[in-house]
Structures are given as structure tokens and as C-alpha cells.
Amino acid sequence: MGERAILVGTVLGRTPPADEEESLRELSRLAESAGASVIDLVVQRRPRPDAAYFVGKGKAAEIGLAAERSAADLVIFDHDLSPSQAAALGTLLGCRVIDRAELIMDIFALRARSAEARIQVELAQLSYRFSRLAGAGIEMSDPGGGIGTRGPGEKQLELDRRKIRDRIAHCKRELKKVEQQRRTQRKSRSGTFKVALAGYTNAGKSTLMNLLARAGVRTEDRLFATLDATTRQVVLRSGERFLLTDTVGFIRRLPHQLVASFKATLEEVVEADLILHVVDTPHAARLAEIAAVRSVLDEIGAGQTELLVFNKTDRLDDHTRRELEWHNPGAVFVSALDGTGRGDLEARITAAMARR
Ligand SMILES: Nc1nc2c(ncn2[C@@H]2O[C@H](COP(=O)(O)OP(=O)(O)O)[C@@H](O)[C@H]2O)c(=O)[nH]1
Ligand SMILES: [Mg+2]
């Protein structure tokens, strides 16, 4: 039996409620991916977060009661909590409290297989924990902390902080080596046209990789099945060659610690000549997902040409398809699953190669 989780979403300010609903649906999938079972959902509307409890003390007490009644192990907040909010909520709710960022990092930790991915996830988690400890330190040295909160407590904190800092330095050194290896590899491949797949998690990037390159990459109907970068050579019927890279998918509000620590992996996207931005087209939230992917691409500095690839057309109705074609004249429509549109996509890649 997995942990029993209550999810808490907050519709802030002028956010359309539908956006928070979609975000909560996704949080629910994330929680299940991490092995939890979702037993309750709480949605609240407020103009801005409460400084002390995020959802406000009254709502927090209500969630506490619900947690007690349903014997929940865990309460997951859809928004990022400050260290002091997380601590205050933990005390009030009487069970473990985590936020979206921690949940996403947890899933990354579950999925990490290669040494590189493991170090990258560890670095992200440590950076996150370190920023929390730094916050705790400030609170503990607050005059309001009182007798008993300083002294040994502070020293323990100092020790933890030093241990974490040492470990962070270790991870960074290891990743430097990986980056160096990748750079050498890339140098040996320079001259060959490079195409990178990017997109929301579960959009079908790995399936498309397997279609084009017969790569045998793991594809699954789950979030973050792929964390590593896989590069294969594709030889088209015309005889032309290019390198295709499949890599980690993105998500709304991807914790920036993860983006930062996956720098070596994401460098493959930054260095590509062409980005295939794969979209889960039948998904109602495709526009928000496209925006989320573009914001991560911006964050990593991938400013090059992007070709929108509307995938899963086998499950798309005609009306939606015509509408998308009208609004995105440059896009390609494919089904990575049954191969429809493959010729179009290959022609577009060839055209991009010719332009270079
Ligand atoms: N119906 C349909 N399903 C697809 C298509 N492409 C991928 N999928 C499914 O979508 C899920 C996620 O695919 P995957 O390639 O692992 O996504 P990734 O996270 O972007 O790498 C899997 O269950 C795939 O079988 C498609 O063109 N049509
Ligand atoms: Mg994948």
C-alpha cells in the first residue's frame, strides 16, 4: 500500500480556475507516479498566499481535520511553500507536508537509472534542501526563537549545512566530468546535423525517436519515463544523415533546481541545429503545455529554430486538426504510434538541413 495523500490546490488572484484544475489533475498523476494514492482533493480560492500558512490558518485547520479523519500520511500542496510555511503546516496538520517541487524531484529520483541522472537529481534535491536549511537558520536566529532554539540546535544546523555543501560540491565536480565527456563527444560529431526532441512529459518524444531511429528507447504512459539523453544516427531513404537526441521531458513549474542540475543533459537540446517540439495534441491543455515547454527552452537558452510537431493525430478529431493547421501553418502533424505523417516530418528535417 502506498502513502495516502491529500492534494491541496489554490486558485490565486486572477488565475482561471480551469488552469488550477488542470494543474491539480497533473499533481494527482504525479502523486500516483510517486506511488501514493490520492484520497482527497481540496481547492481553495484566495487573492494571494497567506504568509504563515499559504492557505490561511482556518483552511489549514480544516485540512488538518480531514487528514486526521481519513488517516492521511501526506498532504501535497500544488504551489511551492516557503520553508517556514512548510514547517508551520507540518506542525498544524500533524502529518508530512510536501510541495509540487519536492514531488517532482521525488519522481525524478525514482526514475533515475544512469549514474549521470542520479547525480543530477541528487544535486537538485540537495540544492533544494540547502535553501530550506538556510531559511530555517534565519528563523532560528530570529529573536522570537527564544531560549532553547539556539545553541546546539544552531550548531547541528551548521553541521548539516556543511555536510550538504560538501556533497553539493562533490556532485558538481562529478557533473563537470560528465559535461567534459559530452563536449568531447559533441566535438567528434560536429559537422553532422543535430536534431533534438523536446516537449512536455508523455507527449510521445521517445515513441517518435523509436519511429525515426529504431532506437529501442523506453516509452511508457507515465510521467518522466526518460531522464537521460539518447542520441542515434538516422539515415533517411534519400541517404541523408542526421543525429537525433531524445531527452527528459518538461512540465509546468518544473523546479528550477532540476533545470539547473540537468544542464549537462539539456545541453544536447541547446546545441541542436533544430528542435522538434513534440505536442500531445489531443490533450485539452496543449496550449498551456506548449507555453510551459517554451518557457523551459528559454530558461536553458535554447533560442534556435523550433518545429512544432503535433503528435497523436490518430486520436485527434478533424475539427481540432483543421483549427490547429489554420493557426500553425508551419507545423507538422504526425502519429508516432502508427507512422502517419512521417514522410512530411522527414521532408521538413531535410529542408532544414539544406538551409544550413
Ligand atoms: N495514440 C497515440 N499514442 C501515442 C503516440 N505517440 C506516443 N503515444 C503514447 O504516449 C505515451 C507516452 O509516450 P512516450 O514516447 O513515452 O512520451 P515521452 O514522455 O514524450 O517520451 C505512450 O503510452 C505512447 O504509447 C501517438 O502518436 N498516438
Ligand atoms: Mg520519453
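These legends go with several views of a predicted model.

Residues are numbered from 1 along each chain as its sequence is written, while chains are lettered from A and ligands numbered from 1 in the order in which they are written. Because this is a predicted model, local features need pLDDT of at least 70 and side-chain atom pairs count only at pLDDT 80 or more, whereas totals for chains, interfaces and linings use all residues.

**View 1. The whole protein chain.** You'll find 12 helices and 10 strands here (DSSP runs numbered from the N terminus: H or I of at least four residues for helices, E of at least two for strands). The radius of gyration, taken over C-alpha atoms, is 23 Å, close to the 21 Å that the globule rule (2.2 Å times the number of residues to the power 0.38) gives for 356 residues, so the protein chain is as compact as a globular protein of that length. Its C-alpha atoms fill a box of roughly 75 × 50 × 35 Å along the principal axes.

**View 2. The six-stranded open sheet.** The strands run in the order β6-β7-β5-β8-β9-β10, with mixed pairing (two strands pair if DSSP finds at least two bridges between them). At the edges stand β6 (230-235) and β10 (332-333), each with a single partner strand, so one side of each has no neighbour in the sheet.

**View 3. β5, β7 and the helix on the sheet.** β5 (residues 194-199) pairs with β7 (residues 241-246) in the parallel sense over three bridges. Look for Ala 196 opposite Thr 245 in β7. Helix α7 (residues 205-213) packs on the sheet and touches β5, β6, β7, β8 (274-280) and β9 (306-311); contact takes C-beta atoms, placed from the backbone, within 7 Å. The direction of α7 makes about 155° with that of β7 (axes are lines fitted to C-alpha atoms, for helices over the stretch in contact, and angles run from 0 to 180 degrees between N-to-C directions).

**View 4. Around ligand 1.** Of the 21 residues around ligand 1, Gly 204, Lys 205, Ser 206, Asp 221 and Leu 337 come nearest (near puts the C-beta atom, placed from the backbone, within 6 Å). With three residues, α7 gives the most to this shell.

**View 5. Leu 337.** This residue sits in the loop between β10 and α12 (342-355). Leaving out residues up to four places away in sequence, Leu 337 touches Thr 207 and Asp 314. Leu 337 and Asn 311 are 26 residues apart in sequence and 8.9 Å apart in space, C-alpha to C-alpha.

Conventions. Contact = placed C-beta atoms within 7 Å.
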